[in-house]
Amino acid sequence: MDFELSADQEALQDGVRKLCEGRFPMARVRALVDDGGVDRALWRELADAGVYALCVPERDGGVGLGRAEAVLVFEALGRALVPGPLAGTHLAAGLVDADVVGVIERERNAVVAHLNALDILVAIDDAGLWAIEPSTLDAQAIADPLDPLTPVHRVDSLPHGAQLAGAEEAVRWRRTGAALVAAQLLGFAVATTDLAVAYAKERHQFDRPIGSFQAVKHLLADMLVRAEVARAAVYAAGVTLDDPAVGDVARAVATAKLMAGDAARQNGKACVQVHGGMGFTWEVDAHLYLKRAWVLDAAFGSVDDHALAIADRL
């Protein structure tokens with residue numbers, strides 16, 4: 001399997017990265033706390049850039065690219081810590097006529113993220129996909145969510161909803177959604193590595209940059225290794241989703257979600273550690289990446305779900 005990006009793929013990822021740098025600088029991302037994580041104008045800009053319709057065929061008004069390209073885009077979104085139900089809106093493109101779409105596992109989750117921003121909530125179960133009108137939910141806001149950019153509501157029960165698609169499409173959503181979230185987690189792992197390296201170069205102790213100390217070097221080296229291993233797994237999942245003949249799709253996706261989740265969590269913790277006492281403060285961005293990693297690590301299958309999926313295929 002060739003993991004070298006083509007010139008078009010590099011241009012795509014670079015273009016999304018520049019879009020994020022221009023429209024989602026960290027100061028703007030932090031300000032979205034007051035908007036519940038979703039600004040409709042910025043959300044439409046992502047739609048206009050083709051982020052959500054990336055895998056919709058050109059004949060249906062989409063970009064016509066594959067999941068291999070989608071994971072590159074979502075990695076860039078993750079590096080910029082772009083909030084909101086990105087995976088759900090991407091999955092629903094071409095199926096649901098709505099701007100902001102959330103996804104929930106009917107059997108598993110008792111909370112809905114970004115409820116006040118959603119146009120439609122799609123519930124997934126083994127029978128298929130079901131569209132639920134958010135205003136029909138009896139939901140209670142959780143006062144202090146783990147991620148300040150991901151407001152959540154507790155829901156006691158979900159209405160049945162109108163069926164959008166059957167069991168086969170539900171499987172596709174679960175696998176593609178897991179790969180997209182894994183790509184976001186990869187972006188977190190890369191971004192926290194960059195943050196830690198930059199700080200280790202500028203912070204001096206005993207008249208030397210702390211990055212020159214062996215213990216810090218080991219932390220940074222481990223962060224880089226985790227991020228690159230996760231990158232290989234995520235890119236492999238994207239390629240395998242596009243061409244199942246190259247490998248076991250379920251195993252590739254489960255591996256990507258496990259490796260990227262571990263890299264995002266561990267690199268987030270290491271980034272806080274490299275920053276020392278400052279790492280625990282609101283002003284340093286490390287905690288935002290770590291908190292989002294904890295939130296997304298449970299999306300589209302938990303750690304245990306994906307570990308069991310891999311074990312079943314050994």
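Trainee: What order do the strands of the open sheet have, and what is the pairing?

Mentor: Happy to start there! This is a predicted model, where local features need pLDDT of at least 70, side-chain atom pairs count only at pLDDT 80 or more, and totals for chains, interfaces and linings use all residues. Residues are numbered from 1 along each chain as its sequence is written, and side-chain values use heavy atoms, with hydrogens and water left out. Strands (E, at least two residues) and helices (H or I, at least four) are DSSP runs numbered from the N terminus, and two strands pair if DSSP finds at least two bridges between them. Here, four strands make an open sheet in the order E1-E3-E4-E7, with mixed pairing.

Trainee: Which strands stand at the edges?

Mentor: E1 and E7 do; each has a single partner strand, so one side of each lacks a neighbour in the sheet. From one strand to the next, the twist averages 35°. Such angles run from 0 to 180 degrees between N-to-C directions, using axes that are lines fitted to C-alpha atoms, for helices over the stretch in contact.

Trainee: Which helix packs on the sheet?

Mentor: Helix H6 (residues 167-202) does, touching E1, E3, E4 and E7, and its direction makes about 105° with that of E3. Contact here means heavy atoms within 4.5 Å.

Trainee: In what sense does each strand pair with its partner?

Mentor: Let's go across the sheet. E1 and E3 (residues 120-125) are parallel, with five bridges; isoleucine 104 faces alanine 123 in E3, and glutamate 105 is opposite isoleucine 124 in E3. E3 and E4 are antiparallel, also over five bridges, and form a hairpin with two residues between them. In that pair, leucine 121 stands opposite isoleucine 132 of E4. E4 and E7 (residues 162-165) run antiparallel and are joined by three bridges, with alanine 131 opposite alanine 162.

Trainee: How many residues of E1 and of E4 are buried?

Mentor: Buried means under 20% relative accessible area, exposed over 50%, and partly exposed in between (1.4 Å probe, protein chains only). In a regular strand the side chains alternate between the two faces of the sheet. In E1 (residues 101-105), four of the five residues are buried, and in E4 (residues 128-132), five of five.

Trainee: Is threonine 240 buried or exposed?

Mentor: Threonine 240, in helix H7 (residues 214-242), is buried, with a relative accessible area of 3%. A polar atom of its side chain lies 2.7 Å from the backbone oxygen of alanine 236.

Definitions and conventions
A polar contact is a pair of N or O atoms within 3.5 Å; within protein, one must be able to donate a hydrogen and the other to accept it, and residues adjacent in sequence count only if both atoms are side-chain atoms.
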